[in-house]
Amino acid sequence: MLVELYLCLVSTTLARTANSNITGDAVSLMSISEDLRRQVIEEAGFRCEYCKTSSQLAGMPLIMEHIFPRSFGGTDDRNNLAASCYRCNEFKGVKTHAIDPEAGQFVPLFNPQTQCWKDHMTWVNGGTHIVGITPIGRATVIALRLNNENVVDARSIRQCSMP
Ligand SMILES: [Zn+2]
């Protein structure tokens, strides 16, 4: 229990540190070419690779998420980049692992480059909520707050507006 608490505190502290360095992150993003950025977003189908929100629904462009954080030595290579909405990018911060709430184990977060979303998560409640079906999926849903109030509201509106 103490180890889990410590790891959560370390993860939270690191995320705050990373988020406070907005200028540094903005400068570093410039090292990703526009072609590579477009490729990542197109390959993701113009949807966040974590919460699956489309950039059209979010009303904002997707951004580049470093799966292994740059502050830990992660690169700008294609295999370390994921298309992400601002919300998931911010909630992920520099986290690479989180606790599976069911088993209480510290596990890696979902990796969009090496894993299939449907192997770890699924839709419920008519597509308004995401549920993790593996330790990785469950930890990712909690850590990235994939069912936060705002995105659930947006998904509900989308469901209602569908013909
Ligand atoms: Zn997202």
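This is a friendly chat about the predicted model shown above.

Reader: Hi! What kind of model is this, and which pLDDT cut-offs apply?

Author: Hello! The model is predicted, so to speak of local features we need pLDDT of at least 70, and side-chain atom pairs count only at pLDDT 80 or more, while totals for chains, interfaces and linings use all residues. Residues are numbered from 1 along each chain as its sequence is written.

Reader: Thanks. What does the pLDDT average over the protein?

Author: The average is 85, and 79% of the residues score at least 70. Here pLDDT is the predictor's confidence in each residue, from 0 to 100. Over residues 1–29 the pLDDT is below 50, and this stretch has 18 contacts in the model beyond near neighbours in sequence. Two residues are in contact if their C-beta atoms, placed from the backbone, lie within 7 Å.

Reader: Okay, on to the fold. How many helices and strands are there?

Author: The protein has 8 helices and 6 strands. These are DSSP runs numbered from the N terminus: helices are H or I with at least four residues, strands are E with at least two. From the N terminus on, the order is α-α-α-α-β-β-α-β-β-α-β-β-α-α.

Reader: How much of the protein is buried?

Author: Of its 163 residues, 28% count as buried. A residue is buried if 20 or more other C-beta atoms lie within 10 Å of its own, exposed if 12 or fewer, and partly exposed in between, with C-beta atoms placed from the backbone.

Reader: Which residues touch the most other members in the largest nonpolar core?

Author: C48, Y50 and C51 do, in a core of 25 residues. The elements giving two or more residues to this core are α3, β2, β3 and α7. The largest share, 4 residues, comes from α7. By nonpolar core I mean a set of buried Ala, Val, Leu, Ile, Met, Phe, Trp, Tyr and Cys residues joined through C-beta atoms within 7 Å.

Reader: What does Y50 touch?

Author: Not counting residues up to four places away in sequence, Y50 touches S84, C88, F110, T140, L144 and L146.

Reader: How do β5 and β6 pair?

Author: Strand β5 (residues 121–124) and strand β6 (residues 129–132) pair in the antiparallel sense over 4 bridges. Strands count as paired if DSSP finds at least two bridges between them. M121 has G132 as its bridge partner in β6, and V124 stands opposite H129. The two strands form a hairpin with 4 residues between them, and N125 in the turn has a positive phi of about 55 degrees.

Reader: Which residues of β6 are on its covered face?

Author: I130 and G132 are on the covered face, with H129 and V131 on the uncovered one. In a regular strand the side chains alternate between the two faces of the sheet. H129 counts as partly exposed because it has 16 C-beta neighbours inside 10 Å. Apart from neighbours within four places in sequence, H129 is in contact with V124, N147 and V152.

Reader: Back to phi: where is K52, and what about its phi?

Author: K52 is found in the loop between α3 (34–43) and α4 (55–58). Its phi is near 65 degrees, a positive value in a residue other than glycine. Most residues other than glycine have a negative phi. K52 counts as buried because it has 20 C-beta neighbours inside 10 Å.

Reader: And R145, is that one buried or partly exposed?

Author: R145 counts as partly exposed, because it has 16 C-beta neighbours inside 10 Å. It lies in the loop between α7 and α8 (149–161), and its phi is near 50 degrees, also positive.
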